[in-house]
Amino acid sequence: MSRRSPTLPYDPPALESLVVRPLMRQVSRNHSASPLDRLEGVSLHDVASRFGTPVYVVSERRLREAHRSLRDAVARRYPEVVLAWSYKTHYLSAICSVFRSEGSWAEVVSGFEYGIAEDLGVPGKETIFNGPHKTDAELERAFTRGSIVNLDSFGELDRVIRLSRRMGRKLDAGIRLNMNLNYPPWDKFGFNVESGQAADACRRAFDSGRVRVNGLHAHLGTYVNDPGLYARGMDRMAQFAAEVESRHAATIEYLDIGGGLASTNTLHSQFLKGEAANPTFDQYAEAICTPLTRRLPFLKSRPRLFLEAGRCLVDEAASLLTRVVSVKQLSNGMKAAIVDGGVHLLPTSYWYKHDIQVLKESRFGLEEVHLLGCLCMQIDVIRTAVPLPPLTEGDLLVVRNVGAYNYSQSMTFIYPRPAWLLVSGNRVEVIREGETPEYVRALDRIPPHLLTRETRKSFVARRKERRGA
Ligand SMILES: Cc1ncc(COP(=O)(O)O)c(C=O)c1O
């Protein structure tokens, strides 16, 4: 007798959305207090009560350690290395001063940034002037002060040729290269090597009898977490240097491989944490120095090697302290916490899953929460579904690794921008005061035809008062 299984009725497959349990979606059971409640010798609770939130805090020690460890990693392999601090990554005077005191040169990409370096007393000879928009006056100032100027386009080269005639002397300049190394190509800047454009630029410079190309520059991308890109870029750059030297009886005195080394932050697209996935300074150094050393026999001298690292030196040193101002449930059942910071202070949250910590002891497990900023904008999202202990109003959060670009690209938007503090051992110093409404509006003007009795009594009167004060 055969044993036949009973026929079951056919159930068509169905798709159903998962219901997220409101407010207490447990993702772990064993969470205790978050570890970062002190920075150096300073309690972050004390910092928050003394200076208010939001507020940025930077560790001087971490800035110095990062600078030293990158420089040492490269210098062990190629001693003629100089780090040039990328001002655009963070141009607060105190930050630039820390790196300067570690021996960094200044790398600037506009007349404005050039002025900051000058104001901080960086000698012209230790300033590298890059960027696609340099005015004639800025170029003249830079050449007069002996700065390294890397030319970005044929138009700029022609202007420098004319400038050299006006200045009555020949000028040394570098050219910026771009190479077919990555996709999409990073080709907005400089002269392309493979198409012959870069060779044409050198020819035009030397043929003018006014401009000698004495250096090469490339910036291969940003957050480059593949050291191989540096290896390929440096190899091609050094090969091109040898060609320029032999074709034009020139000497290439420096090779500048730009910045772009990844910090330990994690991209939204990354599965592994940046800390685990991204290369070490030694790996970057090896990638850069191996092809350079291999190509040395073909070069006339040992060129100076510049590295314009930005984000990898400053990201880990800074955090944003911010407080929960309200907790709510969204229409999909998710818990959301609104904090007194926002994406205007953390533009890098569009790129990174910033590490977030809560400064409180918690007996509870973690739950996923959307961390939203205080801007009156739906897009103001700092992190989605981040596992944290249950948050309540008033909780203090630390958004970590926010040092790069979150000052220079932050916005005064809806709120004035907050203070930056430098923690050095047990000391806390204000390195940028929080903006005041008066500061933000000081440059506003009302044309006479728009003045009314109201504005005369308030806007105009207050300004007069302040000027008199
Ligand atoms: C020419 C140049 N050098 C250096 C940097 C610093 O890059 P990062 O902060 O990614 O290291 C940049 C940034 O875009 C740059 O444009």
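Guide: Domain bounds here come from an automatic or database domain assignment, and for this protein chain that assignment gives domain 1 (26-57 + 316-432), domain 2 (60-314) and domain 3 (437-468). The model is predicted, so local features need pLDDT of at least 70 and side-chain atom pairs count only at pLDDT 80 or more, while totals for chains, interfaces and linings use all residues. Residues are numbered from 1 along each chain as its sequence is written. Taken over C-alpha atoms, the centres of domain 1 and domain 3 are separated by 36 Å.

Now to the packing itself, which involves helix 6 (residues 154-167) and helix 7 (residues 197-208); helices are DSSP runs of H or I with at least four residues, strands are runs of E with at least two, and both are numbered from the N terminus. The axes of helix 6 and helix 7, lines fitted to C-alpha atoms over the stretch in contact, lie 11 Å apart at an angle of about 10°, on a scale that runs from 0 to 180 degrees between N-to-C directions. Helix 6 is therefore roughly parallel to helix 7, a label for angles under 35 degrees.

Where they meet, F154, L157 and I161 of helix 6 are in contact with A201, R204, A205 and S208 of helix 7, contact meaning C-beta atoms, placed from the backbone, within 7 Å. These contact residues comprise five nonpolar, one polar and one charged, where Ala, Val, Leu, Ile, Met, Phe, Trp, Tyr, Cys and Pro count as nonpolar, Asp, Glu, Lys and Arg as charged, and the others, Gly among them, as polar.

Conventions
Parallel < 35°, antiparallel > 145°, perpendicular 65-115°, else oblique. Contact = placed C-beta atoms within 7 Å.
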